Amino acid sequence: MTVEPFAGVPVTDYGAALAWYEKLLGAPPALLPNDTEAVWGLGEGRWIYIEVRPGHAGHAMQTVFVDDFDARLARIAERGLEPAHREACENGVRKAVFHDPDGNETGFGGDPL
C-alpha cells in the first residue's frame with residue numbers, strides 16, 4: 001500500500017502566504033491548481049499546499065523530518081526567515097518551528113547531532 005501525505009494549510013491572504021512559503025521551502029510551487037491554491041513537493045509522494053480558507057486559517061501544524069537539519073535552517077535563514085522557537089527532545093531529536101503570517105505552524109525535525 002502506498003501512502004502519500006498531502007498536507008493542507010489554510011490561509012487568509014494568498015499573496016502573502018505564497019511569498020512566505022516560497023521563502024520557507026526555497027522554491028516556487030510545483031503546482032498552481034487554481035487562483036486560491038499552491039502546492040509544493042517535499043519529496044517523492046510528499047506534498048504541502050496552501051489554500052485560501054479564512055475561517056480555518058492559523059490552526060494548521062505539521063512537522064517535516066529532514067536529514068539536513070542544520071543546513072536547511074541555514075538556507076531558510078539566508079532567505080530571511082528565523083524559527084519562532086527551537087526545541088530538543090530527551091533523545092536528542094531537534095525541532096525548529098516556523099509560523100506563517102496566519103500563525104500556522106511548520107516545523108522541521110532532525111536527528112541528534
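## The largest pocket

Strand β5 gives the most to the lining of the largest pocket, with 4 residues. Strands here (E, at least two residues) and helices (H or I, at least four residues) are DSSP runs, numbered from the N terminus. A pocket is an open set of points on a 1 Å grid over the protein atoms alone, where a 1.4 Å probe fits, with protein on both sides within 12 Å along at least five of seven lines; lining residues have an atom within 4 Å of a point.

About 360 Å³ of space lies in this pocket, the volume being the space filled by probe spheres set on the points, with grid points joined across faces, edges and corners. Of the 20 lining residues, the closest to the centre are Gly 41, Leu 42, Arg 46, Trp 47 and Val 64. Two or more lining residues come from each of β3, β4 and β5 (61-65). By class, the lining has 15 nonpolar, 3 polar and 2 charged residues. Ala, Val, Leu, Ile, Met, Phe, Trp, Tyr, Cys and Pro count as nonpolar, Asp, Glu, Lys and Arg as charged, and the others, Gly among them, as polar.

## Basis of the model

The model is predicted: local features need pLDDT of at least 70, side-chain atom pairs count only at pLDDT 80 or more, and totals for chains, interfaces and linings use all residues. Residues are numbered from 1 along each chain as its sequence is written, and side-chain values use heavy atoms, with hydrogens and water left out.

## The sheet from β1 to β4

Four strands form an open sheet in the order β1-β4-β3-β2, with mixed pairing; two strands pair if DSSP finds at least two bridges between them. At the edges stand β1 (6-11) and β2 (31-34), each pairing on one side only.

Strand β2 pairs with β3 (residues 37-43) in the antiparallel sense over 2 bridges, and Leu 31 has Val 39 of β3 as its bridge partner. Helix α1 (residues 14-25) lies across β1, β2, β3 and β4 (46-52), at about 10° to β3. Such angles run from 0 to 180 degrees between N-to-C directions, and the axes are lines fitted to C-alpha atoms, for helices over the stretch in contact (heavy atoms within 4.5 Å).

## The sheet from β5 to β8

A second open sheet has the order β5-β8-β7-β6, again with mixed pairing. Strands β5 and β6 (85-88) each have a single partner strand, so one side of each is left without a neighbour in the sheet.

Strands β7 (residues 94-99) and β8 (residues 105-110) run antiparallel and are joined by 6 bridges; Phe 98 has Thr 106 of β8 as its bridge partner. Helix α2 (residues 69-78) lies across β6, β7 and β8, running at about 25° to β7.
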